[in-house]
Amino acid sequence: MDSFFNLFDPSCDSCHNGNTIDSLAHHDYCLPPEPQAGNIEYKLKIVNPSKQRFEHLVTQMKWRLREGQGEAIYEIGVEDNGVLTGLSNNDMKDSLQTLKQMAVKLGATTTTLRERILDNGRCVTEVLVRKVPDDQDNIEIRIAVLGNADAGKSTLLGVLTQGSLDNGRGKARLNMFRHLHEIQSGRTSSISHEILGFNSEGTPVNYSYSELMTAEEICDASTKLVTFLDLAGHKKYIHTTIQGLSGYSPHHAMLVISSAAGAVGMTREHLTIATALNVPFFIVITKIDLVDSCKTLESLETLLKCVGSRRVPLLVKNLDDVITAGANQLKGNVVPIFCVSSVNGEGLDLLLKFLHVLPPGVSAKECDRLEQESPEFQVDENFRAGDVGQVLGGLLVKGILAEGNQMQVGPLKDGTFKPVTIKSIQRNRVPCRMVRAGQSAAICLEDSPESIRNGMVLLSRDVKASGSLFFQASVSVIYHETVICPGFESTVHIGNIRQTAVIIAIFESSYLQVNERKSVLFKFKNCPEHVRVGQRLLFRSGMSKGAGEITQFKERNNRTSFLLRR
């Protein structure tokens, strides 16, 4: 959707039309014409509509909500051509009341995002309408948290999810760690999942929302749920970080930079990986209570130019900047920057408001298409829990899974799949009966084989599945000191897959160098994997790294078709 930069920008007069009616002669504000598709709707005035007109407006709102995955933006006092005419106070009050009645009819809620008084004395209001889809408990987005070690990632998440400020010595981060050595060193080495909810009024719902709040109660009280993936920042755990970005398919990435240290260490590496995987990102500068953020802000412009072209930094200073940043987050050319302190709380209110308005990353049509396909669940974690049995944690990339479904898991060492049955499902630590495409979950299996490993998949038994040892991909090299030739070995990340692979052949050439895109034949070194055409891949060896997309694969050990199709 086109953003609404001009709504609260007094300097914008490029859209003024001199032939408009006299009432517009007092101001020069306008928006782009109303988009036909998407979740944004313009309404000049909705006062005392007839019953037939009211039903039409409700149907229209239902369509806009569907386009926005449960969220719609209404601009009240705006004509269809984008001209901001405005309304009197009484008409605006009545229009907002009608809008609320429309939302109630659909079981939705309304939240006023911002208001503006025009030069003619009339007002324009922007309203967020939110409705949790009937087949979901809440609207969910996933955010990967990136940044160098000691940038304050876990501390920031602790403050956001626990609802209490840090004491300056790392108290807030203790609840984020999963292992004893993480508590002792203060460094995250695994992938930690934390949740933050928002109710229908936009109020944060965390563990301090009420006394003895649990994860289940947070989910029940929230209409929107943000799942944070706290990833490791130290160079030693870079493969774990890449696995979190690649395997869990986050909708957004939050890059945390310390104001005291600046964009150092793994910051540039993480940003390059997020860009290569096409993950929209925003930046949070922490520890501004210790050091002024001016120098860090100056260095960010250079950093953003290095990781991609036309990256425009947007320093968020007020609520208007928050709305503008949220509307443009999925475009990729605008990078919101927040300056916060986890000790005194400065800037946290703007960050929370941004998380509240942050849009989901998948369109309604794409979501429906994925749910119609045969289920595929990627295994990112696996463990045995006492008498419960085998538990798999991961992401359902397509289809729908329910308790009792007959599935198959693999590929095993020989490339085959073994039949299993889904015993129970949990999401966000809460039992549930069903999980849909794009949702992460923990699944307990019956009759599970002993040789389950991370990187496997759960598929329907109706699918004829087999592992692939060879695959072909169109790749480009992001960085390498010399040239890459056949025989080059690297760690390949494809979704939840992480395995060493060797380049068997480079088609149309004998080598591959930086900024070149060529077709390459890979072979997994250890065991077959389940891959699909169109999957994004990232390969890395030391400082060398590249990205690409799978174009074809061959099951088991047969590679004849590749050699014939150079």
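The model is predicted, and the residue numbers count from 1 along each chain as its sequence is written. Helix 6 is largely enclosed by the rest of the structure, helix 9 and helix 10 pack against each other, and a search of the whole structure finds 6 aromatic pairs.

**Helix 6**

- Helix 6 covers residues 238-247, and because 9 of its 10 residues are buried, the helix is largely enclosed by the rest of the structure.
- The buried residues of helix 6 include Ile238, Ile242 and Leu245, and also Thr240, Thr241, Gln243, Gly244, Ser246 and Gly247.
- Helix 6 is followed by Ser249, a residue whose phi is positive, near 45 degrees.

**Helix 9 against helix 10**

- Two packed helices are described by the angle between their axes together with the distance between the axes.
- For helix 9 (residues 319-328) and helix 10, the packing angle is about 35 degrees and the axes are 9 Å apart, while the crossing of the two helices is right-handed.
- On the side of helix 9, the contact is made by Leu319, Val322, Ile323, Ala325 and Gly326, and on the side of helix 10 by Leu350, Lys353, Phe354 and Val357.
- Sorted by class, this contact of helix 9 with helix 10 has 7 nonpolar residues, 1 polar residue and 1 charged residue.

**Aromatic pairs**

- Among the 6 aromatic pairs found in the whole structure is that of Phe338 and Phe354, whose ring centres are 4.9 Å apart and whose planes stand at 50 degrees, so the pair is tilted.
- This pair links distant parts of the chain, since Phe338 lies in strand 12 (residues 334-339) and Phe354 in helix 10 (residues 348-357), 16 residues apart.
- Phe338 is buried, with a relative accessible area of 1%, and Phe354 counts as buried at 0% relative accessibility, because buried means under 20%.
- The rings of Phe522 and Phe539 also form a tilted pair, with their centres 6.0 Å apart and their planes at 50 degrees.
- Here too the pair links distant parts of the chain, with Phe522 in strand 25 (residues 517-524) and Phe539 in strand 26 (residues 536-541), 17 residues apart.

**A charge over a ring**

- The charged end of Lys518 sits over the ring of Tyr511, at 5.1 Å from the centre of that ring.

Technical notes:
Predicted model: local features only at pLDDT ≥ 70, side-chain atom pairs only at ≥ 80, totals over all residues. Heavy atoms only, no water. Buried < 20%, exposed > 50% of the residue type's maximum accessible area, 1.4 Å probe, protein only. Helix = DSSP H or I, 4+ residues; strand = E, 2+ residues; numbered from the N terminus. Phe/Tyr/Trp six-rings, centres within 6.5 Å; stacked < 30°, edge-to-face > 60°. Lys NZ or Arg CZ within 6 Å of the ring centre and 35° of its normal. Axes fitted to C-alpha atoms, helices over the stretch in contact; angles between N-to-C directions. Left-handed = near helix turned anticlockwise from the far one by under 90°. Contact = heavy atoms within 4.5 Å. Nonpolar A, V, L, I, M, F, W, Y, C, P; charged D, E, K, R; others polar.
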